[in-house]
Amino acid sequence: QVQLVESGGGLVQAGGSLRLSCAASGRSFRSYAMGWFRQAPGKEREFVAAISWSGGTTYYADAVKGRFTISRDNAKKTVYLQMNSLSPEDTAVYYCAARRGGISYCSGYGCSQEYDDWGQGTQVTVSS
């Protein structure tokens, strides 16, 4: 099991950028694939991006492809989500998640069960 703590959320204007961080604790971080999800008010939790344990493979939801970049630093036990060209539609609580084993290619809604451990979330608000 890993414990996850997200940070870096906030209020940004449309077209701006934010970088989210997810700090993990636990000795087995290298064995986990990681993902980012988001949940807007009144909506289900939605997949955003995933990265393999080595960082060599990434996968994105179509809605964020080309704008968001997921990366990880295993030495720091941290996963990042660089978000560029933000729009009000990106407003949500963003969650970091850990998955034992290989990367999941589940996208859209209903992918939460693919992951084992979750952070508490960080709010991202994009104003128009």
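A charge sits over a ring, in the sense used in these legends, if NZ of Lys or CZ of Arg is within 6 Å of the ring centre and within 35 degrees of the ring normal. The model is predicted, so that local features need pLDDT of at least 70 and side-chain atom pairs count only at pLDDT 80 or more, whereas totals for chains, interfaces and linings use all residues. Residues are numbered from 1 along each chain as its sequence is written, and side-chain values use heavy atoms, with hydrogens and water left out.

**View 1. Charged ends over aromatic rings.** Arg 45 lies over the face of Trp 118, at 4.8 Å from the ring centre. In a second case the charged end of Arg 72 sits over the ring of Phe 29, 4.6 Å from its centre.

View 2. Rings of Phe, Tyr and Trp (its six-membered ring) pair if their centres lie within 6.5 Å, and planes under 30 degrees apart count as stacked, over 60 as edge-to-face and the rest as tilted. The count by this rule is 6 aromatic pairs. One of them joins Phe 37 and Tyr 115 edge-to-face, with 5.1 Å centre to centre and 85 degrees between the planes. Because Phe 37 lies in strand S4 and Tyr 115 in the loop between strand S9 (92-100) and strand S10 (117-118), this pair ties together parts that are 78 residues apart in sequence; strands (E, at least two residues) and helices (H or I, at least four) are DSSP runs numbered from the N terminus. Phe 37 is buried at a relative accessible area of 0%, and Tyr 115 is buried at 6%, where buried means under 20% relative accessible area, exposed over 50% and partly exposed in between (1.4 Å probe, protein chains only). A single aromatic cluster is formed by Phe 37, Phe 47, Tyr 59, Tyr 105, Tyr 115 and Trp 118.

**View 3. The surroundings of Arg 38.** Arg 38 is found in strand S4 (residues 32-39) and is buried, with a relative accessible area of 6%. Its side chain makes a polar contact of 2.9 Å with the side chain of Asp 90 and another, of 3.0 Å, with the side chain of Tyr 94. Such a contact is a pair of N or O atoms within 3.5 Å; within protein, one must be able to donate a hydrogen and the other to accept it, and residues adjacent in sequence count only if both atoms are side-chain atoms. Not counting residues up to four places away in sequence, Arg 38 touches several residues, including Glu 44, Ala 63, Phe 68 and Val 93, contact meaning heavy atoms within 4.5 Å.

**View 4. Strand S9 and its partners.** S9 is mostly covered, with 7 of its 9 residues buried. Two strands pair if DSSP finds at least two bridges between them. S4 and S9 pair in the antiparallel sense over 8 bridges, and Ala 33 stands opposite Arg 99 in S9. S9 is also joined to strand S11 (residues 122-127) by 3 bridges, the two running antiparallel, and Val 124 in S11 is the bridge partner of Ala 92. With S10, S9 pairs in the antiparallel sense over 2 bridges, and the bridge partner of Ala 97 in S10 is Trp 118.

**View 5. The chain as context.** The secondary structure of the chain comes to 0 helices and 11 strands. Buried residues make up 45% of the 128 residues.
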